[in-house]
Structure formats: structure tokens, C-alpha cells
Amino acid sequence: PFLDKVEYLACLWVSGPIRKMPPSASAVDFFQLFVPDNVLKNMVVQTNMYARKFQERFGSDGAWVEVTLAEMKAFLGYVISTSVSHCESVLSIWSGGFYSNRSLALVMSQARFEKILKYFHVVAFRSSQTTHGLYKVQPFLDSLQSSFDAAFRPSQTQVRLVCVLEASYLRQRKKSYGPCYPWLSDLCAFPFKIYVHLKEGGGPDGLDALKNKPQLHSMVARSLCRNAAGKNYIIFTGPSITSLTLFEEFEKQGIYCCGLLSSRKSDCTGLPPSMLTNPATPLARGQHQIRTKGNMSLICWYNKGHFRFLTNAYSPVQQGVIIKRRSGEIPCPLAVEAFAAHLSYICRYDDKYSKYFISHKPNKTWQQVFWFAVSIAVNNAYILYKMSDAYHVKRYSRAQFGERLVRELLGLEDASPAH
């Protein structure tokens with residue numbers, strides 16, 4: 001059988017939350033699965049260190065008092081509140097206008113919040129071994145990644161689609177971070193946003209070495225999949241990543257792939273040219289052509305246009321179907337059906353959760369990355385909450401969960417959803 005080992009392991013794959021939360025677990029309990037007190041205490045230490053050094057260099061700040069753990073939680077709560085209110089200015093809480101919130105404003109003064117915001121740091125100073133531009137937030141990202149891994153086991157199938165900013169835009173800034181949408185697993189697991197740092201000039205991570213975009217995308221894909229080796233994951237990729245060379249490299253690591261192929265965007269090295277051009281006689285809707293090489297299959301499928309797929313995760317002889325509202329069932333290879341099904345998870349996540357990202361817009365890049373990561377942590381906390389017994393005690397919507405989390409971080413609510 002074609003890849004019978006992968007198909008057998010898929011039947012035994014168990015995914016979902018690793019830790020069982022009690023029915024009395026609160027919103028902040030789920031959030032602190034990812035951002036525990038020890039991480040917050042480090043932010044307190046680093047913020048106070050930065051404030052001291054800043055004042056040694058630029059003069060004493062008589063209004064500054066060292067921040068505490070309770071204040072750091074409240075500080076996070078205030079910024080997270082913008083994900084619910086959708087107001088870009090946190091200071092609107094104290095404004096007396098449409099977005100003002102008197103109960104939240106009484107916990108901390110605006111002046112105190114602004115002082116903490118001024119000195120807030122995750123890493124106060126660069127170490128001698130640090131070479132990349134995200135050193136100020138990297139420990140938090142590493143901690144978050146470990147927490148995600150410890151809290152949830154993703155399904156065997158994952159989506160990794162990458163889009164990188166154009167090089168012409170990247171050259172406009174000396175430090176440019178191109179957003180990439182990486183993996184979203186089955187059963188609504190954890191999506192991440194990855195930032196790629198490209199430096200001006202030479203070097204292995206410089207623009208001069210990475211002008212070839214497929215090379216850049218392959219580098220990002222290898223980085224995203226570095227912890228997936230030997231786990232028999234099936235990775236779905238977009239055209240910018242899909243390539244025979246990369247898929248063969250991943251297969252040697254026990255990672256299997258299914259990707260959309262484009263003669264314009266993909267690295268087509270090693271693929272038969274006859275399969276990359278449209279046939280002289282158009283195929284009928286639902287018909288397909290297949291060329292195979294070992295476990296690798298190159299599929300050309302027609303549905304009001306030619307779509308090409310490269311895969312080593314699905315048998316070329318297995319048939320699937322895509323259901324359209326108006327057209328009914330359209331026959332296709334199983335790889336095409338699987339790709340279409342898993343691609344929808346990205347749209348589903350955007351529809352459900354993207355509107356709950358933190359609206360606060362800091363100027364510094366590391367802070368933008370930090371608050372986006374916190375947004376992901378809150379969304380993932382809600383996903384775990386919905387899969388737990390606590391959801392059956394009190395069924396909060398995503399907006400209600402966010403409001404509850406903010407009030408618990410500010411110490412305004414009892415931390416039990418049963419009350």
C-alpha cells in the first residue's frame with residue numbers, strides 16, 4: 001500500500017488538550033497555562049531593571065515606583081481589554097468618552113499605567129551572544145512555544161502557508177519583519193504568526209542572499225518544521241513553499257507533504273515540464289492527470305481551471321470529492337479533497353478569532369510581536385476553555401471570556417466561573 005505506515009499511524013493518532021482542567025477553572029487559569037506567574041515575575045524584574053538603568057543615564061524620575069506582580073497583571077489586563085473594545089488607544093479607558101470604563105479605570109491611575117508602559121520590557125538588555133533583532137521578546141516567544149506544546153497535542157495534519165513581504169518593501173527599512181501565517185492544525189489547535197527578520201546586505205540571512213524568494217520560503221518552512229521530524233505529520237503548503245527538493249528532504253525526516261503548485265510561484269526544479277503546462281485539449285471538469293516518482297505524485301486537476309498539487313502523503317489512486325453548492329459533487333484525487341478541507345481552517349480561524357487581536361499599536365517592532373503573541377495566547381486559552389468541563393459550567397462567548405479575563409487580571413472578579 002502507498003504510505004501504509006502513515007495511514008496506519010493516522011488511525012492511532014490522539015490529539016487534544018494534554019492537561020485536564022477542573023470545572024471551576026477560571027479564564028485567568030486558562031491564560032496562565034501559557035503566561036504563568038514565573039513569566040510575569042520576570043517581566044517585573046526586567047521592567048524594574050530597565051527603569052533603573054534608564055534613569056541612571058537620563059536622570060531620575062521622581063514619579064517612578066518599582067512595578068509589582070499585581071500591577072503587571074493589571075497592565076496586561078488593560079492592554080488585552082483593547083481586543084474586546086476594539087479601541088486602539090488603551091488610554092481611552094480613562095478618557096470619559098465612548099470607550100471609557102470607570103470600573104477598570106479605578107484599579108490603576110492613567111499616570112501609573114503610562115509609567116509602566118514607558119519602562120515595560122521582557123528583556124532589558126542585549127547579551128553578548130545575541131545577534132538577532134528580536135532579542136527583547138525571544139525568551140517570551142520560546143516560553144510561549146513550550147507552553148503551547150505542553151498544553152495541546154495537535155492532529156497529524158497541519159497547514160503551513162507562508163506569504164512573505166516583497167523584497168522591494170523590505171529594502172525601505174533597515175529592520176523589516178515580514179509576517180508569515182504558519183500552521184493551523186486540525187481540531188482548531190494553535191495558529192502562530194512568524195516574523196522573518198531580513199537584514200540589509202550580505203550574510204546568510206541578508207537580502208542579497210535571499211533575493212530568490214523560493215529559497216527564502218524554504219528556509220522559513222524548514223524553521224517552522226524543525227520540531228516535527230519523526231512524528232509522521234502531514235504538512236499542507238502553499239505554492240511559495242511547495243517544491244520537490246523540500247518535500248523529499250522532509251520525507252527523509254518522517255514529515256509528509258501535500259502542496260499546491262504554481263509554475264510562477266513554486267520552485268519547479270526536477271518536475272516534468274509537460275505537467276506544468278496546460279494540455280492542448282482541455283480536461284473535463286473533475287478530470288485529472290497524474291505522474292508519480294516513488295512516493296511522490298504530481299497531480300493536474302481541472303475545475304474551471306488547472307490546479308496542480310505535489311504530494312507524498314496520499315495515494316494517487318485514492319479518489320475523493322469536493323462538494324459545491326451549485327455544482328454538486330466534483331470528483332478529484334484524495335489529495336485535492338484533503339488540501340481543500342484543511343485550507344478552510346485558516347479562514348475559520350480568521351472568522352472566529354482575528355477580530356479579537358489586541359488593538360493597541362506600539363511603535364517598537366518587538367512590542368508589536370509581543371502583543372500579537374499575547375493575542376494568540378488569549379485565543380488559545382479560550383479554545384482550551386471550550387474543550388474543558390469549565391465550559392459546561394458557564395458557557396462564555398469569546399467576547400465574554402475576554403471581558404472576564406481582563407477583570408480577573410485586574411482583580412475585579414472572583415476567579416471561578418461557577419460564581
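Student: What should I know about the model before we start, and how are residues numbered?

Tutor: This is a predicted model, in which local features need pLDDT of at least 70 and side-chain atom pairs count only at pLDDT 80 or more, while totals for chains, interfaces and linings use all residues. Residues are numbered from 1 along each chain as its sequence is written, and side-chain values use heavy atoms, with hydrogens and water left out.

Student: How many helices and strands does the protein chain have, and what makes a run count as one?

Tutor: The protein chain has 15 helices and 13 strands, where helices (H or I, at least four residues) and strands (E, at least two) are DSSP runs, numbered from the N terminus.

Student: Why is the pair of Phe-357 and Phe-372 called tilted?

Tutor: The structure holds 28 aromatic pairs, and in this one the rings are 5.0 Å centre to centre with 55° between the planes. Rings of Phe, Tyr and Trp (its six-membered ring) pair if their centres lie within 6.5 Å, and planes under 30 degrees apart count as stacked, over 60 as edge-to-face and the rest as tilted, so the pair of Phe-357 and Phe-372 is tilted. Phe-357 lies in the loop between helix H12 (334-353) and helix H13 (365-386) and Phe-372 in helix H13, so the pair ties together parts that are 15 residues apart in sequence.

Student: How do you know whether Phe-357 and Phe-372 are buried or exposed?

Tutor: Phe-357 has 17% relative accessibility and Phe-372 has 14%. Buried means under 20% relative accessible area, exposed over 50%, and partly exposed in between (1.4 Å probe, protein chains only), so Phe-357 counts as buried, and Phe-372 likewise counts as buried.

Student: What makes the pair of Tyr-385 and Tyr-391 edge-to-face?

Tutor: The planes of Tyr-385 and Tyr-391 stand at 85°, with the centres 5.4 Å apart, and that angle falls in the edge-to-face range given above. Tyr-385 and Tyr-391 are both buried.

Student: What makes you say that the charged end of Arg-112 sits over the ring of Trp-64?

Tutor: The charged end of Arg-112 is 4.9 Å from the centre of that ring, and the term asks that NZ of Lys or CZ of Arg be within 6 Å of the ring centre and within 35 degrees of the ring normal.

Student: Why are helix H3 and helix H4 called roughly perpendicular?

Tutor: Helix H3 (residues 37-58) and helix H4 (residues 69-80) pack at about 100°, with their axes 9 Å apart; axes are lines fitted to C-alpha atoms, for helices over the stretch in contact, and angles run from 0 to 180 degrees between N-to-C directions. Angles under 35 degrees count as roughly parallel, over 145 as roughly antiparallel, 65 to 115 as roughly perpendicular and the rest as oblique, so H3 is roughly perpendicular to H4. Contact means heavy atoms within 4.5 Å, and the residues that make it include Leu-40 and Val-44 of H3 and Leu-69 and Met-72 of H4.

Student: What makes Lys-304 exposed?

Tutor: Its relative accessibility is 67%, which is in the exposed range, so Lys-304 counts as exposed. Lys-304 lies in the loop between strand S10 (296-302) and strand S11 (306-311), and Lys-304 has a positive phi of about 55° although it is not a glycine.
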